[in-house]
Amino acid sequence: MRLSGMLSGGVAARGDARDLWQEVFDFGDYGELLGLVQGSLVAGVLLGLVGGLAGVFVIMRDLPFAVHGISELSFAGAAAALLLGVNVVAGAIVGSLLAAAAVGVLGVRARDRNSVIGIILPFGLGLGVLFLSLHEGRAANKFGLLTGQIIAVDTPQLAWLAGTSAVVLLVLAVVWRPLTFASVDPAVAEARGVPVRALSLGFMLVLGLAVALCVQIVGALLVLSLLVTPAAAAARITASAALLPLLSVFFALVAMEGGMLLSLGSSVPVSPYVTTISFLIYLTCRMYGSRRVGRLAGARHEGAD
């Protein structure tokens, strides 16, 4: 009797594990599903480009906490738009720009900036929760603002995403060299006539647009996986000014598109896949970078002997 109970329990456990696996990875109707998310895949390419390039300056200027704070007000703006029945992307952009402007104007010094972000972050999250609680629509729309959703990118949203991405990429292309100078050595850059304060505020606004874009796919809670992790991973393996943005964009694209493709046959939101791939890339780059530093240190020690 006890043996049969143990056997039946083992079979049930295996069945539960199989059901759980199918919840996470199920490629039965993959071909049909792939045709439904072409717009989302295009949006993923845009977000990979924007996140990878903007992330380079997020790492240079030590702004990961700012990304998190801006994303919460972006979430509040998107939730307000959902409540009012207007364009959610536009709402997210308005919220992000307001947060970015507040951080850029009030947080000139690092200490002030962190204080401003610490105030904005819970305020934005609280507003977002309030707006979502008042919204009587589908629960999936509410949940998607926090954790991302893959099938939510329709043609109007894709047009918004494409237009905003073009603005971000164009501005970054124009200010790339002076912004790099101001990020690496702001005192010397200001002494040579570079408008450091204006560039700082301008980049915060561009970062606000980038955050608003990423919130649409990976959600407000996990936006760091696109705007911080790829660039941080690239910085672990190269210090080249030319190679760093290329690797950052490549890692962001792999995480974004890979996460989308894996989540197609799953009932799980896209964000866990994106964040897991992004984290694994960072972990691999960190291990490689540590080993390379160890080898270089050993070579120098041998040369000294």
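The legends below describe close-up views of a predicted model.

**View A. The largest nonpolar core and Leu-207.** The largest nonpolar core of the predicted model holds 75 residues, and those with the most contacts inside it are Leu-207 and Leu-227. Helix α10, which spans residues 196-218, supplies the largest share of this core, namely 15 residues. When neighbours within four places in sequence are set aside, the residues in contact with Leu-207 are Val-58, Leu-63, Val-67, Ile-70 and Leu-227.

**View B. Packing of helix α4 with helix α10.** Helix α4, made up of residues 64-84, packs with α10 at an angle of about 60°, and the two axes lie 9 Å apart. Because of this angle, α4 counts as oblique to α10, and the crossing in which α4 passes α10 is right-handed. On the α4 side the contact is formed by Ala-66, Val-67, Ile-70, Ser-71 and Ser-74, which meet Met-204, Leu-207, Gly-208, Val-211, Ala-212 and Val-215 of α10. Sorted by class, the residues of this contact of α4 with α10 comprise 8 nonpolar and 3 polar ones, with no charged residues.

**View C. Packing of helix α4 with helix α5.** Helix α5 covers residues 88-106 and packs with α4 at an angle of about 145°, with the axes of the two helices 7 Å apart. The crossing of α4 and α5 is right-handed. From α4, the residues Ile-70, Leu-73, Ser-74, Gly-77, Ala-78, Ala-81 and Leu-82 take part, and they meet Val-88, Gly-91, Ala-92, Gly-95, Ser-96, Leu-98, Ala-99 and Ala-100 in α5. The contact of α4 with α5 contains 10 nonpolar and 5 polar residues, and no charged ones.

**View D. The covered helix α12.** Helix α12 runs over residues 229-237 and is mostly covered, with 7 of its 9 residues buried. The buried residues of α12 are Thr-229, Pro-230, Ala-231, Ala-232, Ala-233, Ala-234 and Ile-237.

View E. Ser-278 is found in helix α14, which extends over residues 270-304. With a relative accessible area of 3%, Ser-278 falls under the 20% cut-off and is therefore classed as buried. If residues up to four places away in sequence are not counted, Ser-278 touches Ser-225, Thr-229, Pro-230 and Ala-255.

Conventions. Residues are numbered from 1 along each chain as its sequence is written. This is a predicted model: local features need pLDDT of at least 70, side-chain atom pairs count only at pLDDT 80 or more; totals for chains, interfaces and linings use all residues. Side-chain values use heavy atoms; hydrogens and water are left out. A nonpolar core is a set of buried Ala, Val, Leu, Ile, Met, Phe, Trp, Tyr and Cys residues joined through side-chain atoms within 4.5 Å. Buried means under 20% relative accessible area, exposed over 50%, partly exposed in between (1.4 Å probe, protein chains only). Helices (H or I, at least four residues) and strands (E, at least two) are DSSP runs, numbered from the N terminus. Contact means heavy atoms within 4.5 Å. Axes are lines fitted to C-alpha atoms, for helices over the stretch in contact, and angles run from 0 to 180 degrees between N-to-C directions. Angles under 35 degrees count as roughly parallel, over 145 as roughly antiparallel, 65 to 115 as roughly perpendicular and the rest as oblique. A crossing is left-handed if the near helix is turned anticlockwise from the far one by less than a right angle, and right-handed if clockwise. Ala, Val, Leu, Ile, Met, Phe, Trp, Tyr, Cys and Pro count as nonpolar, Asp, Glu, Lys and Arg as charged, and the others, Gly among them, as polar.
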